[in-house]
Structures are given as structure tokens and as C-alpha cells.
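The sequence and the coordinates are shown first.

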Amino acid sequence: MTSTSGARGIRNNNPGNIRWGDDWDGLVPKSQRTDKSFCQFTAPEYGIRAMIIILRNYEKKHGLNTVRKIINRWAPPVENDTEAYVNSVAKQVGVDADKVIDVTDSRVMIPLLEAIITHENGSQPYEFATFVKAIDLANG
């Protein structure tokens with residue numbers, strides 16, 4: 001179930017702060033939802049799984065293959081300080097913001113997820129095993 005303390009994304013098991021829209025695996029049943037704006041997942045692995053699928057689709061469907069391109073879509077300037085977000089994520093991942101990255105490579109995906117989670121929530125509380133489980137779920 002969702003947590004009752006900490007940042008909204010952590011409480012919702014949705015550390016990427018994904019808005020309601022798609023019918024993701026692992027969503028909290030409708031009768032138990034308390035957040036009108038953001039998805040609530042039954043476990044963090046499902047929230048991270050959704051992040052992975054979205055990031056892979058950014059590359060596959062839209063050609064978004066740099067931190068700058070990815071974050072500009074993830075956190076658009078109309079509602080975020082996107083440039084600060086881009087710089088924060090690029091620095092944490094250890095790449096130039098405009099360098100092409102391969103999100104199908106877990107050695108790239110996990111640091112990218114950790115950086116987005118940190119920026120969205122102020123911390124990244126998940127163990128490596130949580131990311132591995134989320135990748136396994138995303139791979140179906």
C-alpha cells in the first residue's frame with residue numbers, strides 16, 4: 001500500500017510523480033485512491049516500472065535520447081525549472097546533458113531513475129534490488 005509519510009511521490013509509491021492517465025500495472029484500487037493528480041501504486045517497484053516504460057517510449061517513439069530531451073518532456077518548462085532539473089540529472093548520471101544515452105542499458109537506466117527520483121522527491125530511498133525488480137517487471 002501507499003506510505004503515509006515523506007514526499008508525495010514516495011508516499012504514492014510513484015517516485016516519478018506520474019500523473020493519472022494510463023492503466024498501469026500495480027495501481028491502487030480506485031476505491032482506495034486519495035491523490036487526484038498523481039498515480040498511486042501498491043509498491044514502489046510498480047511506480048518505477050512505469051517510469052522505465054515511459055523513458056523507453058520516449059526513446060523508441062519520440063527519439064528522446066539525451067538527458068536534456070528526456071527531462072524537457074518529463075518536466076516541461078511550463079510547470080518546472082527544467083534547466084535546473086536537466087543539470088541536476090545530468091550531473092548525477094555523470095553525463096553531458098546533450099550526450100546520447102541508451103535507456104535500454106540498465107547501467108544507464110538505473111542512474112537515470114535514481115536522479116529523477118532524487119529530483120522529484122528530495123531523496124532516493126530505494127535499494128538496488130528494487131530497481132532490479134522494477135526492470136524485471138518492465139521486461140514482462
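## Helix 2 and its packing

The buried residues of helix 2 pack against helix 3 (67–74), helix 5 (106–121) and helix 6 (128–139). Helices here are DSSP runs of H or I with at least four residues, strands are runs of E with at least two, and both are numbered from the N terminus. Contact means heavy atoms within 4.5 Å. Buried denotes under 20% relative accessible area, exposed over 50%, and partly exposed the range in between, with a 1.4 Å probe and protein chains only. By that criterion, P44, E45, G47, I48, R49, A50, M51, I52, I53, I54, L55 and Y58 are buried in helix 2.

Helix 2 covers residues 44–62, and its 19 residues should span 27 Å at 1.5 Å a residue; the end C-alpha atoms are 26 Å apart, which agrees. The expected span of a helix is 1.5 Å times one less than its number of residues. K61 also belongs to helix 2, but it counts as exposed because its relative accessibility is 60%. After helix 2 comes G63, with a positive phi near 70 degrees.

## Basis of the model

The model is predicted; local features need pLDDT of at least 70 and side-chain atom pairs count only at pLDDT 80 or more, whereas totals for chains, interfaces and linings use all residues. Residues are numbered from 1 along each chain as its sequence is written, and side-chain values use heavy atoms, with hydrogens and water left out.

## Overall architecture

The protein contains six helices and zero strands, and its elements run α-α-α-α-α-α from the N terminus on. A compact globule of 140 residues would have a radius of gyration near 14 Å, and the protein agrees because its own value is 14 Å. This radius is taken over C-alpha atoms, and the globule rule is 2.2 Å times the number of residues to the power 0.38. Along the principal axes, the C-alpha trace spans about 45 × 30 × 25 Å.

Of the 140 residues, 46% are buried. Among contacts with a separation of 6 or more, 54% come from residues 24 or more positions apart. The accessible surface amounts to about 7300 Å², and carbon and sulfur atoms hold 47% of this surface. Accessible areas come from the Shrake-Rupley method with a 1.4 Å probe, and for residues only the protein chains shown count as cover.

The protein has 17 positive and 17 negative charges, whose mean positions are 4 Å apart. Lys and Arg count as positive and Asp and Glu as negative, while His and the chain ends are not counted. Each charge is placed at NZ of Lys, CZ of Arg, CG of Asp or CD of Glu.

## Helix 5

Helix 5 has 16 residues and reaches 22 Å from its first C-alpha to its last, close to the 22 Å expected at 1.5 Å a residue. Its buried residues are V108, M109, I110, L112, L113, A115, I116, I117 and N121. Their cover includes helix 1, helix 2, helix 3, helix 4 and helix 6.

Within helix 5, I110 counts as buried because its relative accessibility is 8%. Apart from neighbours within four places in sequence, I110 is in contact with F128, F131 and I135. I110 and K60 are 50 residues apart in sequence, and their C-alpha atoms lie 18 Å apart in space.

## Loop positions

N13 is located in the loop between helix 1 (8–11) and helix 2. N13 has a positive phi of about 55 degrees although it is not a glycine, and its relative accessibility of 7% makes it buried. N17 is placed in the loop between helix 1 and helix 2. Phi of N17 is positive, near 50 degrees, in a residue other than glycine; N17 counts as buried at 15% relative accessibility.

T66 lies in the loop between helix 2 and helix 3 and counts as buried at 4% relative accessibility. Leaving aside neighbours within four places in sequence, T66 is in contact with A97, D98, K99, V100 and I101. G94, in the loop between helix 4 (82–93) and helix 5, counts as exposed at 60% relative accessibility. G94 and G26 are 68 residues apart in sequence and 31 Å apart in space, C-alpha to C-alpha.
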